[in-house]
Amino acid sequence: MQFLCAGNVLGEGQSRGFLLEERKLLAVRRDGRIFVYANRCPHRGIPLEWQTDRFLDASGSLIQCATHGALFLIENGECVAGPCAGEHLPRIDCREDEAGIWVQL
């Protein structure tokens with residue numbers, strides 16, 4: 001596994017983008033758990049955020065594509081609204097320990 005960041009970099013209810021080995025990733029902490037996905041909308045293959053580290057909708061409960069407005073569940077990356085409904089964000093295996101957040105690319 002590869003080190004992504006220190007655990008305290010990603011607070012509860014926050015999202016953040018990362019570049020690791022030239023791959024764009026996004027991470028979200030929800031209910032104390034970490035979820036990591038490829039930062040790529042399944043509809044057009046473009047990055048999701050509209051501003052740096054802004055991946056969540058106004059309620060903070062869904063990942064949102066800034067270009068198309070598609071909405072994705074944080075827990076499994078499923079698109080629940082928008083042009084790619086039923087598709088999923090590519091999930092990246094991850095874990096967190098006392099050293100930080102780790103991903104398997």
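The sulfur of Cys79 lies 3.5 Å from the closest cysteine sulfur, that of Cys84, which is too far for a bond. A disulfide is taken as a pair of cysteine sulfur atoms within 2.5 Å, and the structure holds 0 of them. Both cysteines are buried (under 20% relative accessible area, with exposed over 50% and partly exposed in between; 1.4 Å probe, protein chains only): Cys79 has a relative accessibility of 2% and Cys84 of 1%. The model is predicted, with local features requiring pLDDT of at least 70 and side-chain atom pairs pLDDT 80 or more, while totals for chains, interfaces and linings use all residues. Residues are numbered from 1 along each chain as its sequence is written, and side-chain values use heavy atoms, without hydrogens and water.

Cys79 and Cys84 are both in contact (heavy atoms within 4.5 Å) with Phe72. Leaving aside neighbours within four places in sequence, the contacts of Phe72 also include Cys41, Pro42, Leu48, Leu62, Ile63, Cys65 and Leu89.

Phe55 is placed in the loop between S4 and S5 and is buried at 1% relative accessibility. Phe55 and Val36 are 19 residues apart in sequence, with a C-alpha to C-alpha distance of 12 Å. Beyond four places in sequence, Phe55 touches Leu26, Leu48 and Ile63, as well as Ser15, Arg16, Gly17, Asn39, Glu49, Leu62 and Gln64.

Asp57 lies in the loop between strand S4 (33–38) and strand S5 (62–64). Asp57 is buried yet has no salt bridge, defined as a side-chain nitrogen of Lys or Arg within 4 Å of a carboxyl oxygen of Asp or Glu. The nearest side chain of opposite charge is that of Arg30, 8.0 Å away; Lys and Arg count as positive and Asp and Glu as negative, with His and the chain ends not counted. The Asp57 side chain does make a polar contact with the side chain of Ser59, at 3.0 Å. A polar contact is a pair of N or O atoms within 3.5 Å; within protein, one must be able to donate a hydrogen and the other to accept it, and residues adjacent in sequence count only if both atoms are side-chain atoms. Leaving aside neighbours within four places in sequence, Asp57 is in contact with Leu62, Gln64 and Leu71.

Methods
Helix = DSSP H or I, 4+ residues; strand = E, 2+ residues; numbered from the N terminus.
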